[in-house]
Amino acid sequence: MNAAVPRKGLLERLAEGPVICAEGYLFEFERRGYLQAGAYVPEVVLEHPELVAQLHREFVHAGSDVVEAFTYYAHREKLKLIGREGELADINRRALTIAKQVAAEHGSLVAGNICNTGVYVEDKPTSHDAARAMFDEQIGWAIEAGVDFIIGETYSHGGEALIAVERLKRSGLASVVTLAIHRSGTTREGWDVAETCKKLADAGADVVGLNCARGPATMLPLLERIRRAVRCPVAALPVPYRTTEREPNFQSLTDPSCSCLPGEEARAFPIALDPFTCNRFEIAEFTKAAIALDIRYLGVCCGAGPHHVRAMAEALGRQPPASRYSADMSKHYILGSHQSFRRENLDYAKRI
Ligand SMILES: [Zn+2]
């Protein structure tokens, strides 16, 4: 890369057009058997760093512009839960180093990451200080690693998101701060989503919006209101699940057609969500709808696979490296149309 031409940062890229940030690392590694559902601590960073690097590469191959360091839930509270608090600095530094390495291979942006702490309680100021301290230590490691920007995500309390903005602002780096909105359609304090995003932007977040919890169908109406409420770029990273008006977040999805789910509630979250997974066409439709609203920071959260990211990139008119293998059903021996195909097979099309 020519040193005289500095790489464009996040905000410059957003000023020119959309930016894709692939997420969903926790769910993907849980599926693959490298971390535990429930605790959801990214232990794979310590045990199998090569797999983390590989998944970063797969997401970039599929069209992600950003390599997000896998420090989600690599915070003090979560590491304490699994008895590995002593490895807090190590897991953060290693995750950041891996992300930086992969980003350097491809000229991608590299992002640090902080998230909901689990300690924040609305009317308990000491818990706010605890959250502040947890943010500061992770932000410190991200700065030390030289990230391009920092993501603060999955806040269901507006108050906790505001504290994240306050600490991120001190870093001097660009920030993306997103809320996770559950059943009520408001933050946990009952704050309006658009007004909360406005507060976050006014407090200094560079990009505000939503991630996780809601699927495309139930995130879009909220995004529309957020877009109208703020002037800064808006972020949209839904989970790739078919949420509905009645069950608007993936935590509330029930699967009555399955009789073997544990518990009384038929709750599919988090490890029985498979039948609700959005297909690529649905992710492409969401992407187009978001772009029509001028929502430019895009991604897919928990549950996402590289195929979803590629569908998003292609919906933006891009051809990431993985597009070399995008579907071409004209080459299918029964459903296709290639001149070499046998009439007997093509005639069988209506019967398969
Ligand atoms: Zn998520």
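# Exercises on a predicted model

Ala37 touches Glu30, Pro270 and Ile271, leaving aside residues up to four places away in sequence; touching, or contact, requires C-beta atoms, placed from the backbone, within 7 Å. Residues are numbered from 1 along each chain as its sequence is written. The model is predicted: local features need pLDDT of at least 70, side-chain atom pairs count only at pLDDT 80 or more, and totals for chains, interfaces and linings use all residues.

## Exercise 1: Ala37

Find where Ala37 sits, and decide whether Ala37 is buried or exposed.

Solution. 
- Step one: locate the residue. Ala37 is in the loop between α2 (25-32) and α3 (44-47). Helices (H or I, at least four residues) and strands (E, at least two) are DSSP runs, numbered from the N terminus.
- Step two: take the cut-offs. A residue is buried if 20 or more other C-beta atoms lie within 10 Å of its own, exposed if 12 or fewer, and partly exposed in between; C-beta atoms are placed from the backbone.
- Step three: apply them. Ala37 has 12 C-beta neighbours inside 10 Å, so Ala37 counts as exposed.
- Step four: check a distance. Phe27 is 10 residues from Ala37 along the chain, and their C-alpha atoms are separated by 8.0 Å.

## Exercise 2: The whole protein

Describe the make-up and overall dimensions of the protein.

Solution. 
- Step one: count elements. The protein has 13 helices and eight strands.
- Step three: read the span. Along its principal axes the C-alpha trace covers about 75 × 60 × 45 Å.
- Step four: look inside. Buried residues make up 47% of the 352. Of the contacts with a separation of 6 or more, 73% join residues 24 or more positions apart.

## Exercise 3: β6 and β7

Trace the neighbours and crossovers of β6 and β7.

Solution. 
- Step one: start with β6 (residues 207-211). Five of its five residues are buried. Val207, Gly209 and Asn211 point one way, Val208 and Leu210 the other.
- Step two: go to β5. Four bridges join β5 to β6 in parallel, and Leu179 stands opposite Leu210. The chain gets from β5 to β6 through α9 (residues 193-202), in a right-handed β-α-β crossover. Right-handed means that, with the strands pointing away from the viewer, the path from the first strand over the helix to the second runs clockwise.
- Step three: go to β7. Four parallel bridges link β6 and β7. Val208 faces Val234, and Gly209 faces Ala235. With α10 (residues 216-229), β6 and β7 make a right-handed β-α-β unit.
- Step four: go to β8. β7 and β8 (residues 297-298) run parallel over two bridges. Tyr297 is the bridge partner of Ala235.

## Exercise 4: A helix pair

Describe how α7 and α8 pack.

Solution. 
- Step one: recall the description. Two packed helices are described by the angle between their axes and the distance between the axes.
- α7 (residues 125-145) and α8 (residues 158-171) pack at about 35°, with axes 10 Å apart. Axes are lines fitted to C-alpha atoms, for helices over the stretch in contact, and angles run from 0 to 180 degrees between N-to-C directions.
- Step three: name the contacts. Phe135 and Ile139 are among the α7 residues that meet α8, where the residues involved include Ile163 and Leu168.

Technical notes: Pairing = 2+ DSSP bridges. Contact = placed C-beta atoms within 7 Å.
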